[in-house]
Amino acid sequence: MEIVFASQLEADPQAWVAALRTALPDARVRLWGDGEPEGRADFAVVWAPPADLFAREPRLRALFNLGAGVDALLRLPGLPDDLPLVRLEDGGMAVQMAEYALYHLLRESRDFGRYERQQAEGLWQPLADIDRDAWTVGVLGAGAMGARVAQACAALEYPTAVWSRSGRTVPGVEAYGGEADLAAFLARTRVLVNALPLTDATRGILCRRTFEQLRPDAVVINIARGGHLVEADLLAALDGGRLRSAALDVFEREPLPPGHPFWSHARIRVTPHVAGASLMDGTVRQIAGKIRALDRGEPVTGVVDRSRQY
């Protein structure tokens, strides 16, 4: 069995190759572009792979993605119609995304940003006590990531709901489903956390129409994909007072270009796509287990349904 690791973004690809070799000692694991003979790989483990992957590795039996979102893979040229795409199921990302959402929720709801400004002014001035009922959280997406975010917020007694197209339920959290429920979900939400997969149906969902349906003084947190956000609509909503603030970890163009208005906007907080990293040990264990199962002819979970694009 041969496995190729291909990533144009990973800072230390050799570390991943070494970890895969340790987890799959009977397999030949090589790094893309290492000068070794090509065209013999059975499986590929990728993150932002090269465009000619399928032309140079035509015998692939499955493709494993080092993340949950597969929108970029579905756009790769030459993607075979029958090639299974296997997304990462958590890999340590969900708890990190919950931390990210909680940080920004707490910063806004407890007015920690104002306390920081007061410290700079040498001002000792307690602000009003928190009213959790005024800080309703709504999570777009009820998969592994969205569910973990929602449950973390609910555990701190913030009124929390999830919305998904399927209406999937999350224990301890109010659930909304389908287009018919979206307006009601938005109307009860003040802090909107986006954890949806990027599909044709969800592209641009963070737009003027969505923002106008949220509760006043709302906060938007995007930890999913940059393609979900209509950037001009966000800026207009912030500058017009419709939104209180935004925390953005993902962008249509990454890295975010120098001079982009998000960098300097007083009510936008930018992070460089770090809300949920794929932690190596857990990710490699998961992928190695699935590769062994597929090699034995057994089914695995996490296979992308291309009709749904996730």
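**Exercise 1.** Does His260 count as buried or exposed, and at what relative accessibility?

*Solution.* This is a predicted model, in which local features need pLDDT of at least 70, side-chain atom pairs count only at pLDDT 80 or more, and totals for chains, interfaces and linings use all residues. Residues are numbered from 1 along each chain as its sequence is written, and side-chain values use heavy atoms, with hydrogens and water left out.

Step 1. Buried means under 20% relative accessible area, exposed over 50%, and partly exposed in between (1.4 Å probe, protein chains only).

Step 2. His260 has 13% relative accessibility and therefore counts as buried.

Step 3. The residue sits in the loop between strand E11 (243–248) and helix H10 (261–264). Helices (H or I, at least four residues) and strands (E, at least two) are DSSP runs, numbered from the N terminus.

**Exercise 2.** Identify the strands that pair with E3.

*Solution.* Step 1. Two strands pair if DSSP finds at least two bridges between them.

Step 2. Strand E1 (residues 2–7) runs parallel to E3 and is joined to it by five bridges; Ile3 stands opposite Phe43.

Step 3. Strand E4 (residues 62–65) also pairs with E3 in the parallel sense, over four bridges, with Asn65 as the bridge partner of Val46.

Step 4. As for burial, four of the five residues of E3 (residues 43–47) are buried.

**Exercise 3.** State which residues of helix H6 (residues 144–155) are buried, and describe what follows the helix.

*Solution.* Step 1. The buried residues are Met145, Gly146, Ala147, Val149, Ala150, Ala152 and Cys153.

Step 2. Just after H6, Glu157 takes a positive phi of about 70 degrees.
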